[in-house]
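Thank you for making time for this today.

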Amino acid sequence: MNNSEMKKMAIRTAVFGVVSIAVMLQRSATKHIMITDAAGTHVDRGNAEDSYNILIDRNVTDSQSGKLIIPLAKTVSSDDIILEDKYIDHELKIYIESREEGFYLDNAVLTDLDILESAVCYAENDTGSVCLDFKFDGLYANASSLTENSTIEVSFAKPKDMYDNIVVVDCGCEEPGDAQALLDMSLAVRGIAAADDDKNIKFYYTRLSADEVDIEKRCALIKDSEADFVVELKIGGNGVASFYNGEYFLRDFNNAEFANILEKNCAYKLGATAEGVFEDDGSDQVLSCTKVPAARVEIGKDYAGIDNSKKIAEGVYQAILEAFEEKK
């Protein structure tokens, strides 16, 4: 290699180094924070005995308007933060592992949001770890990032303004003995949906913990999310059957068509008998309160268990993908 070639190589190396550093700095300036999809999920981080209202500063700049901007102690990194979106309760909880006790007694949250109803700080322990609990006046989708200014920035929008496709998965339980099996199914659907980002479908779940959610909250989630489809999971029968609301007819893609797709896919994945598609007798409160394509899929007890949860979830997820294709 002659001197001229060596100089060219040195210049290329220098340019590559500058570009690489710039990219790393840009990525480090704004980091996305993991938000747990937690309709009813409890993050156990200790008992909150002490609490106080968080200071709110409404003097925002144009670039800060419409956001929730939460200051962080300098010692806090992204690994110290968990955001829990409890959308079923219109609540966002932020757990922060900090070592600066009383930080939020002196440092205000910056926001001009009218949708914020309350903001409370709960002490998780005596070393500074806290839970910031924000409650809103309705259901909002959110997106968060960790900035280079040691703040969490959260923006909010109505679900349909943020997502093109929305599905609600319901697993309310009338029989206590079925609760865990239904929960396993719901969690399995969440796992599959979360792993498939390419489809751009937002899933909401009425229940992701052992705690039961009342029918009013479940129906409110379906309505407020403006869901495209609603899937109700239930245990019953011997094989796989599905039920739909026959009291009203949807012109483009009706309840019976959606129920048929659900039954077909779930039965196929389980290798179970397809027992049929039936009109509900009107007693199903979830189907009755839903004005978009919705169906209840019932799984026989012999197939309801942790070993089959993934197969059921695969059937549900595939049915949803087919339904979106049919609805186009």
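Before the packing itself, a word on how it is described: axes are lines fitted to C-alpha atoms, for helices over the stretch in contact, and angles run from 0 to 180 degrees between N-to-C directions. Helices (H or I, at least four residues) and strands (E, at least two) are DSSP runs, numbered from the N terminus. Please keep in mind that this is a predicted model, in which local features need pLDDT of at least 70 and side-chain atom pairs count only at pLDDT 80 or more, while totals for chains, interfaces and linings use all residues. Residues are numbered from 1 along each chain as its sequence is written, and side-chain values use heavy atoms, with hydrogens and water left out.

The chain contains 8 helices and 18 strands. Of its 328 residues, 48% count as buried, where buried means under 20% relative accessible area, exposed over 50%, and partly exposed in between (1.4 Å probe, protein chains only). If we take contacts, meaning heavy atoms within 4.5 Å, with a separation of 6 or more, then 78% of them in the chain are between residues 24 or more positions apart.

Let me begin with helix 6, residues 255-270, whose axis comes within 8 Å of that of helix 8, the two crossing at roughly 145°. This crossing is right-handed, a term that applies if the near helix is turned clockwise from the far one by less than a right angle, left-handed being the anticlockwise case. On the helix 6 side the residues that meet helix 8 include Phe258, Ile261 and Leu262, and among their counterparts in helix 8 are Ile312, Val316 and Ala319. The residues of this contact divide into 9 nonpolar, 4 polar and 6 charged, where Ala, Val, Leu, Ile, Met, Phe, Trp, Tyr, Cys and Pro count as nonpolar, Asp, Glu, Lys and Arg as charged, and the others, Gly among them, as polar.

How does helix 4 pack against helix 8, in angle and in distance between axes? Helix 4, residues 179-195, packs with helix 8 at an angle of about 55°, their axes being 8 Å apart. That angle makes helix 4 oblique to helix 8, since angles under 35 degrees count as roughly parallel, over 145 as roughly antiparallel, 65 to 115 as roughly perpendicular and the rest as oblique. Here, too, the crossing is right-handed. Helix 4 contributes residues including Asp184, Met185 and Ala188, and helix 8 contributes, among others, Ile306, Ser309 and Tyr317. This contact divides into 10 nonpolar, 1 polar and 3 charged residues.

Leaving aside neighbours within four places in sequence, Ser309 is in contact with Asp184, Met185 and Ala188.

Finally, two residues in loops. Most residues other than glycine have a negative phi. His90, however, has a positive phi near 55°; this residue sits in the loop between strand 6 (81-86) and strand 7 (91-96), and is partly exposed, with a relative accessible area of 24%. Glu226 likewise has a positive phi, near 55°, and is placed in the loop between helix 5 (215-225) and strand 15 (229-235). At 44% relative accessibility, Glu226 counts as partly exposed.
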